[in-house]
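Biologist: Before we discuss any assignments, please show me the model. I shall then ask on what grounds each term is applied.

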Amino acid sequence: MTKLNKKRKWFIAISLVVPMLLLVGFVVIPAFDLFRMSFTNWDGYSKNSDFIGISNYISMLHNKDLWLSLGNNAVYFFVHLLMIPIELMFAVLLNSRLRAAKFYKTMVFLPYIINGVAISYAFSYFFSPINGAFDSVLELLHLGNLSRDWLSDNRIVNYVLSSVSVWRFSGYHVVLFMAALQSIPKDIEEAAMVDGARAWHLFKYIQIPAIMLMVDFVLFDNIRGALQVFDIPFVMTSGGPGYASSTFTLYTIKTAFSFSNFGLASTMAMAIMIMIVAIYFTQNTIIHGLILRDRRK
């Protein structure tokens, strides 16, 4: 029994130490180095760099193109935010006794497991102004007058790209909501139905409160994903025309690798880390401190 306890302790220690070492080696140390680099003018290939204080931070705050890019990130956030209630309704529908529910679940989740670059290339051809499938569909429906330069019109390009992002990630959120709904004890729902509760009452008074933690996670995942979106605008428009469809992450990477200003790019990376952490703590305070507080009582 003693040997078994020793082996168990060794297993627990190794299980904790190895992930901690990986976390420190690949997250903590690079984060500190990123912070140090944000105060330099390193160009990415020189052996030495000069300390320039907070000049990069001041330059970042006065960069109009960067603020435009951050505004484009907001489009992704609000489009995905509007989709969350729809995703939740789909999850409730698929969680019910729906005919061919397994097939629908597979089809909903399928876009998430496809490579993002492949999806971006496919939709680039789909929205192409030259023999694009979307314009052909509009022509077939006698709506050809609605055709636009979907990927080069400043007014709509971000909404087109965010719709592609919704198509890719909504299935993932639906599956998360379904998992949360399936964790609700069936006897609670059955008891409510015996007492006369209808589907809307079950949804409002039992299902929504029970899965609030999952709603919290999906909302944070939406915020984080909106701030870090990169592959779709990079492949489909390269951030153009101009910076009309650029995003914060795309602009940061271009600053580093196209303009060889790794110091300023590090500053932008620090900024997005700070924004994500700040939003997390704010959201955590609102949902756990206000919404879920009454339930605990």
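Modeller: I begin with a side chain: a polar atom of the Thr 255 side chain lies 2.8 Å from the backbone oxygen of Tyr 251. This is a predicted model, in which local features need pLDDT of at least 70 and side-chain atom pairs count only at pLDDT 80 or more, while totals for chains, interfaces and linings use all residues. Residues are numbered from 1 along each chain as its sequence is written, and side-chain values use heavy atoms, with hydrogens and water left out.

Biologist: What makes Thr 255 count as buried?

Modeller: Its relative accessibility is 3%, and buried means under 20% relative accessible area, exposed over 50%, and partly exposed in between (1.4 Å probe, protein chains only). Thr 255 therefore counts as buried.

Biologist: Which residues are in contact with Thr 255, leaving aside neighbours within four places in sequence?

Modeller: They are Ser 260, Asn 261, Leu 264, Ala 265 and Met 268; contact means heavy atoms within 4.5 Å.

Biologist: Why are H7 and H10 called roughly antiparallel?

Modeller: Helix H7 (residues 157–182) and helix H10 (residues 212–228) pack at an angle of about 165 degrees, with their axes 10 Å apart. Axes are lines fitted to C-alpha atoms, for helices over the stretch in contact, and angles run from 0 to 180 degrees between N-to-C directions. Angles under 35 degrees count as roughly parallel, over 145 as roughly antiparallel, 65 to 115 as roughly perpendicular and the rest as oblique. H7 and H10 are therefore roughly antiparallel. Among the contacting residues are Tyr 172 and Phe 177 of H7, and Met 214 and Asp 221 of H10.

Biologist: How much helix and strand does the chain have over residues 156–181?

Modeller: That span is 96% helix and 0% strand, with end C-alpha atoms 36 Å apart. Residues 74–94 are 100% helix and 0% strand, with end C-alpha atoms 30 Å apart.

Technical notes. A polar contact is a pair of N or O atoms within 3.5 Å; within protein, one must be able to donate a hydrogen and the other to accept it, and residues adjacent in sequence count only if both atoms are side-chain atoms. Helices (H or I, at least four residues) and strands (E, at least two) are DSSP runs, numbered from the N terminus.
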